[in-house]
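Dear colleague,

Please find the structure below, together with its sequence. My notes on what was found follow directly after it.

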Amino acid sequence: MFFLLSGEHYPLPRMELESCLAADGVRWQEAGSLGRVALLDLDGPPPTRMGLTPEIGELACTADDAEGLIAAVTDSPLELAGSFVVRASTVPKAFDCGATRLEPRLGDVIGERTGAPVDLHDPDTVLRVIATPEGAVMGPRVHQRGTFDDRKSDRRPYFHPSSLAPKLARAMVNLSGARSQKTLLDPFCGTGGIPIEAAMVGCRVLASDIDPKMVAGTKANLDHLDLEASMATGDARHVTELFGEGSVDCIATDPPYGRAASTWGVGLKDLFSEVFPALFAVLRPGGLMCMGAPQQVPLETLCRDVGFKYLQGVRIRVHGSLTRHICVAERP
Ligand SMILES: C[S@@+](CC[C@H](N)C(=O)[O-])C[C@H]1O[C@@H](n2cnc3c(N)ncnc32)[C@H](O)[C@@H]1O
């Protein structure tokens, strides 16, 4: 049994996690949840490529509150090979229940029970305690999300204000059903936020944009990270001429909103209604598309009008005047 911590933009982290489990063919059963901590029984290893799941642990024990873990750990089947350290935090951060003050006490109890030594600096096992208002969990950390900081848009050679944040780009890649060896297309690639994350999970990446400066910028940003994509300059409304019909397994994309990113003189309504048939045609049957657009764009209707099955969607507030609708659709 695993505990998985959800990050920002709830419920997007949960949608991303379930997409990864489905793409990996791992079956799961919900065993409970404590606020943003999900408890899942999995019949395979947990995926570790999510952008919005900062941590995963193997459940050793739960309690009504952090203090209760001291009693619970005594009866738990926890076994440790080598040294350990206890690291506690609260979710949300502002939930002050003194969990971090329990670290030494838990360390003493666990050390006594298992015979394992504490090592504060280079432990073999980090025992994570996560305390929430709904209860607390403890167990060995099996995954901690790497930093996405080196890929932030202002740290890449080519910058444009329309760039997507890397964690959100990763979530969109995963929502499109991507995994290693699948072919993913972003036909509005901009500075390459989505192609970068897709290449990092091992996809074969196809990327295009109508603006040759953006295509060169995506290439520069990929090169900077030692990543690759097949690139083309062209209009997404004619994407099948660039890459061929039914040629891609997944699409993850973020078309222009006519604000920071230009629509090149085409009205937003026309652009979306003309691009949807092309996106449908370039995707293989059974493939998924994840698209982000301002909530005013009727994504659900656009999907249905061309034959996509609209699977799920979520609205995320970006700032006062922009709420993004992120949706997932399938070509049947
Ligand atoms: C919102 S930006 C994409 C940002 C990108 N996700 C990133 O992380 O940098 C939209 C992009 O669509 C491109 N674009 C506008 N009209 C297009 C069209 N008809 N076909 C292809 N690309 C187009 C713009 O040049 C812009 O780079």
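**Contact between the domains**

Between domain 1 and domain 2 there are 2 salt bridges. The model is a predicted one, and its chain is divided into domain 1 (2-144) and domain 2 (149-330). Their C-alpha centres lie 34 Å apart. Domain 1 brings 14 residues to the contact and domain 2 brings 15 residues.

The size of an interface is often given as the accessible area lost when the parts come together. For domain 1 and domain 2 the buried area is about 1,300 Å², with 66% of it given by carbon and sulfur atoms. On the side of domain 1, Leu12, Met15 and Arg49 supply 41% of the area buried against domain 2, more than any other three residues. The interface also has 4 residue pairs in polar contact, counting pairs in which both residues are at pLDDT 80 or more.

Aspartate 24 and arginine 179 form a salt bridge through their side chains, at 3.7 Å from N to O.

**Nonpolar cores**

The largest nonpolar core has 30 residues, and those with the most contacts inside it are Leu185, Ile251, Phe272, Phe276, Met289, Leu299 and Phe308. Several elements supply at least two residues each, among them helix 7 (239-243), strand 12 (248-253), helix 8 (268-282) and strand 13 (283-294). Helix 9 (299-306) and strand 15 (322-330) do likewise. Helix 8 gives the most to this core, with 8 residues.

Phenylalanine 272 illustrates the packing. Leaving aside residues up to four places away in sequence, phenylalanine 272 touches Pro255, Pro256, Met291, Ala293, Val297, Leu299 and Leu302. There is also a second, separate core of 28 residues, which includes Leu52, Leu168, Ile196 and Ile316.

**Salt bridges**

Side chains of opposite charge can pair when their charged atoms come close. The structure as a whole holds 20 salt bridges, and three of them are described here.

The pair of arginine 14 and glutamate 18 has its closest N and O atoms 2.7 Å apart. Both residues belong to helix 1 (residues 12-24), where they are 4 residues apart, about one turn of the helix. Arginine 14 is buried, with a relative accessible area of 14%, whereas glutamate 18 is partly exposed at 30%.

Glutamate 197 and arginine 170 meet through their side chains in a salt bridge of 3.0 Å, N to O. This pair links distant parts of the chain, with glutamate 197 in helix 5 (residues 193-200) and arginine 170 in helix 4 (residues 166-175), 27 residues apart. Because buried means under 20% relative accessible area, glutamate 197 at 1% counts as buried, and arginine 170 at 7% counts as buried.

In the salt bridge between arginine 284 and aspartate 249, the closest N and O atoms are 2.8 Å apart. Here too distant parts of the chain are linked: arginine 284 is in strand 13 and aspartate 249 is in strand 12, 35 residues apart. Arginine 284 is partly exposed at 26% relative accessibility, while aspartate 249 is buried at 19%. Elsewhere, salt bridges with shared partners join Asp150, Arg151, Arg170 and Glu197 into one network.

**A buried loop residue**

Serine 83 is found in the loop between helix 2 (68-75) and strand 6 (84-90). Serine 83 is buried, with a relative accessible area of 9%. Its contacts, not counting residues up to four places away in sequence, are Pro117, Asp119, Asp122, Pro123, Asp124 and Thr125.

**Backbone features**

Most residues other than glycine have a negative phi, and most peptide bonds are trans. The following places depart from that pattern.

- Tyrosine 10 and proline 11 are joined by a cis peptide bond, with omega about 10°; proline 11 lies in the loop between strand 1 (2-5) and helix 1.
- Valine 91 and proline 92 are joined by a cis peptide bond, with omega near 0°; proline 92 lies in the loop between strand 6 and helix 3 (103-114).
- Glutamine 181 has a positive phi, near 80°. This residue sits in the loop between helix 4 and strand 9 (183-186) and is exposed, with a relative accessible area of 67%.
- Aspartate 226 has a positive phi of about 65°. This residue sits in the loop between helix 6 (212-224) and strand 11 (230-233) and is exposed at 71% relative accessibility.

With kind regards

Notes
Residues numbered from 1 in each chain as written. Predicted model: local features only at pLDDT ≥ 70, side-chain atom pairs only at ≥ 80, totals over all residues. Heavy atoms only, no water. Core = buried A, V, L, I, M, F, W, Y, C linked by side-chain atoms within 4.5 Å. Buried < 20%, exposed > 50% of the residue type's maximum accessible area, 1.4 Å probe, protein only. Contact = heavy atoms within 4.5 Å. Domains from an automatic or database assignment. Buried area = accessible area lost by both parts, 1.4 Å probe. Salt bridge = Lys/Arg side-chain N within 4 Å of Asp/Glu carboxyl O. Polar contact = N/O pair within 3.5 Å; in protein donor to acceptor, adjacent residues only side chain to side chain.
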